[in-house]
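Look at the model below.

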Amino acid sequence: MLFRSFFGSGACALVYQVMWLRLLSLVFGVTVYAASTVLASFMAGLGLGSMLSGRLASRITRPLAAFGVAEVLVGVTAFATPPLIEALKHLWVTVHPSLPDSLAVMTIARFVVAFVVLIVPTSLMGSTLPLVIKSVVVRDERIGSRIGLLYAVNTTGAIVGALVAGFYFISELGVHRSFQLAAAANLLIGIVAIAAGYALTP
């Protein structure tokens with residue numbers, strides 16, 4: 001169950017990333033600078049969430065249930081980002097003409113906007129790996145091999161999510177329904193993980 005859940009978690013994360021890049025490109029434009037800014041904000045959130053979760057993981061007695069809570073919150077907060085991006089698009093159109101004609105200033109402004117939009121869901125995504133590792137450490141003595149396998153499964157899920165989102169979801173489902181599907185998957189993963197976490201002896 002843990003491996004399937006972490007595979008799904010990785011897939012959903014990259015579905016969101018592709019969709020966020022698509023939506024924010026409508027705000028910032030389709031340029032290498034805009035895309036790099038969005039990706040940098042995404043990775044910054046993952047790193048921040050992983051760092052904070054890693055510090056708190058030792059105090060959590062039911063890490064699998066905590067992973068489930070994080071997955072539920074990922075689904076809820078990620079699903080809330082499209083209307084937020086739509087609101088920011090109108091704000092950006094208003095503010096953009098008053099910004100200096102400087103690549104550095106524009107890059108910083110883009111990063112701040114993207115970071116504000118993505119920081120909560122991406123930090124929650126980043127928090128899942130330390131929690132899953134803590135769950136494995138608690139229940140399995142083969143720590144090294146299990147952690148390596150978990151990371152490989154999550155990465156494979158991310159690859160699948162990116163491919164499916166880019167080549168199928170956008171053209172066949174559209175951005176809004178893609179967010180709905182990924183959020184529903186996160187909620188299902190989270191609920192199952194919470195139930196499994198509380199079924200285990202802490």
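Leu46 is partly exposed, with a relative accessible area of 23%. Buried would mean under 20% relative accessible area and exposed over 50%, with partly exposed in between (1.4 Å probe, protein chains only). Leu46 sits in helix H2. Helices here are DSSP runs of H or I with at least four residues, numbered from the N terminus. The C-alpha atoms of Leu46 and Pro121 are separated by 8.8 Å. Along the chain, these two are 75 residues apart.

The model is predicted: local features need pLDDT of at least 70, side-chain atom pairs count only at pLDDT 80 or more, and totals for chains, interfaces and linings use all residues. Residues are numbered from 1 along each chain as its sequence is written, and side-chain values use heavy atoms, with hydrogens and water left out.

**The largest pocket**

Which residues lie nearest the centre of the largest pocket? They are Ala13, Leu46, Met125, Gly126 and Asn154. In total, 23 residues line this pocket. Helices H1 (2-28), H2 (32-56), H3 (63-79), H5 (103-139) and H6 (143-199) each give two or more residues to the lining. H1 gives the most, with seven.

The space in the largest pocket is about 420 Å³. A pocket is an open set of points on a 1 Å grid over the protein atoms alone, where a 1.4 Å probe fits, with protein on both sides within 12 Å along at least five of seven lines; lining residues have an atom within 4 Å of a point. Grid points are joined across faces, edges and corners, and the volume is the space filled by probe spheres set on the points.

By class, the lining has 13 nonpolar, nine polar and one charged residues. Ala, Val, Leu, Ile, Met, Phe, Trp, Tyr, Cys and Pro count as nonpolar, Asp, Glu, Lys and Arg as charged, and the others, Gly among them, as polar.

**A nonpolar patch**

Phe7, Val160, Val164 and Tyr168 form a nonpolar patch on the surface. Together they have about 300 Å² of accessible area. That area comes from the Shrake-Rupley method with a 1.4 Å probe. Patch residues have over 30% relative accessible area and no salt bridge, and nonpolar side chains are joined within 5 Å. A salt bridge is a side-chain nitrogen of Lys or Arg within 4 Å of a carboxyl oxygen of Asp or Glu.

H6 gives the largest share of the patch, three residues. Phe7 belongs to helix H1. Phe7 is partly exposed, at 31% relative accessible area.

Tyr168, Ile159 and Ile147 lie in helix H6. The table pairs each with a residue elsewhere in the chain.

| Pair | Apart in sequence | C-alpha to C-alpha |
|---|---|---|
| Ile159 and Ala11 | 148 residues | 7.0 Å |
| Ile147 and Leu129 | 18 residues | 9.5 Å |
| Tyr168 and Ser178 | 10 residues | 9.7 Å |

Ile159 is partly exposed, at 49%. Tyr168 is partly exposed at 43%. Ile147 is partly exposed too, at 25%.

Key. Patches are made of residues with over 30% relative accessible area and no salt bridge: like charges are joined within 9 Å, nonpolar side chains (Val, Leu, Ile, Met, Phe, Trp, Tyr) within 5 Å.
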